[in-house]
Amino acid sequence: MPRSQRRRSALTHPDAAEIDVLDVLHALSDPTRMTIVRTLRAEPERPCGTFPVDVAPSTLTHHFRVLREAGVIHQREDGNRRWTALRLADLDGRFPGLLDSILDAYETNAEPAAAS
C-alpha cells in the first residue's frame with residue numbers, strides 16, 4: 001500500500017477521570033518532556049515538529065506518547081500535521097495546582113545550573 005494511503009494508528013488519550021498521578025509524575029520526570037510541557041504552558045498548541053528539543057524524531061515521538069498516555073497532553077491530526085496541546089484543565093481538575101507546582105520547582109532548580 002502506498003505510504004500516502006496508510007492510516008496512522010489511532011491516538012489514545014485517557015479520560016480525565018482516569019488520569020493517574022503516578023503516571024503524570026513519571027511523564028514529567030524527563031528533561032525533554034519537561035521542555036515540551038513548559039513550551040505548551042507558554043503556548044496553548046503547537047505542531048509536533050516545532051518544539052525546542054534536540055532529539056531524533058523517533059525519540060520525540062516516544063516522549064509525546066508517554067505524555068499523551070499519562071494524560072498530560074492531547075494530540076490531534078490536521079491534514080499531515082499533528083498538533084499538541086497541554087491538558088491543563090483536565091490535570092487541574094484531577095490534581096489542582098500540581099502541574100504549576102512541578103513547573104515552578106523545575107524552573108527554580110534549573111536556574112542555578114543555568115547560571116553556572
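Author: Happy to! One term before we start: two strands count as paired if DSSP finds at least two bridges between them. Also keep in mind that this is a predicted model.

Reader: Thanks! So which residue does Glu77 stand opposite?

Author: Glu77 stands opposite Arg82, which is in E3.

Reader: And how many bridges do E2 and E3 pair over?

Author: E2 and strand E3, residues 81–86, pair over six bridges, in the antiparallel sense.

Reader: What's the order of the strands in the sheet?

Author: The order is E1-E3-E2, in an open sheet of three strands with antiparallel pairing. E1 and strand E2 (73–78) are the edge strands, each pairing on one side only. From one strand to the next, the twist averages 25°.

Reader: Nice. Which strands does H2 lie across?

Author: H2 lies across E1, E2 and E3, and runs at about 80° to E3. Then there is H3, which lies across E2 and E3 and runs at about 115° to E2.

Reader: Let's switch to the core. Which residues touch the most other members of the largest nonpolar core?

Author: That core has 25 residues, and those touching the most other members are Leu28, Ile36, Val37, Leu67, Val72 and Leu99. Helices H1 (21–27), H2 (31–42), H3, H4 (88–94) and H5 (98–115) each supply at least two residues of this core.

Reader: Which helix gives the most to it?

Author: H3 does, with five residues.

Reader: And what does Leu99 touch?

Author: Leaving out residues up to four places away in sequence, Leu99 touches Leu28, Val37, Leu86, Leu88 and Leu91.

Reader: New topic: how many aromatic pairs does a search of the whole structure find?

Author: The search finds one aromatic pair. The partners are Phe51 and Phe64, with ring centres 5.4 Å apart and planes at 65°, so the pair is edge-to-face.

Reader: Why does 65° make it edge-to-face?

Author: Because planes over 60 degrees apart count as edge-to-face.

Reader: Where do the two residues of the pair sit in the chain?

Author: Phe51 is in the loop between strand E1 (45–47) and helix H3 (57–70), while Phe64 is in helix H3. They are 13 residues apart, and the pair links distant parts of the chain.

Reader: Are Phe51 and Phe64 buried or exposed?

Author: Both Phe51 and Phe64 are buried.

Reader: Last one: what sits over the ring of Phe51?

Author: The charged end of Arg46 does, 5.3 Å from the ring's centre.

Note on methods: Residues are numbered from 1 along each chain as its sequence is written. This is a predicted model: local features need pLDDT of at least 70, side-chain atom pairs count only at pLDDT 80 or more; totals for chains, interfaces and linings use all residues. Side-chain values use heavy atoms; hydrogens and water are left out. Rings of Phe, Tyr and Trp (its six-membered ring) pair if their centres lie within 6.5 Å; planes under 30 degrees apart count as stacked, over 60 as edge-to-face and the rest as tilted. Helices (H or I, at least four residues) and strands (E, at least two) are DSSP runs, numbered from the N terminus. Buried means under 20% relative accessible area, exposed over 50%, partly exposed in between (1.4 Å probe, protein chains only). A charge sits over a ring if NZ of Lys or CZ of Arg is within 6 Å of the ring centre and within 35 degrees of the ring normal. A nonpolar core is a set of buried Ala, Val, Leu, Ile, Met, Phe, Trp, Tyr and Cys residues joined through side-chain atoms within 4.5 Å. Contact means heavy atoms within 4.5 Å. Axes are lines fitted to C-alpha atoms, for helices over the stretch in contact, and angles run from 0 to 180 degrees between N-to-C directions.
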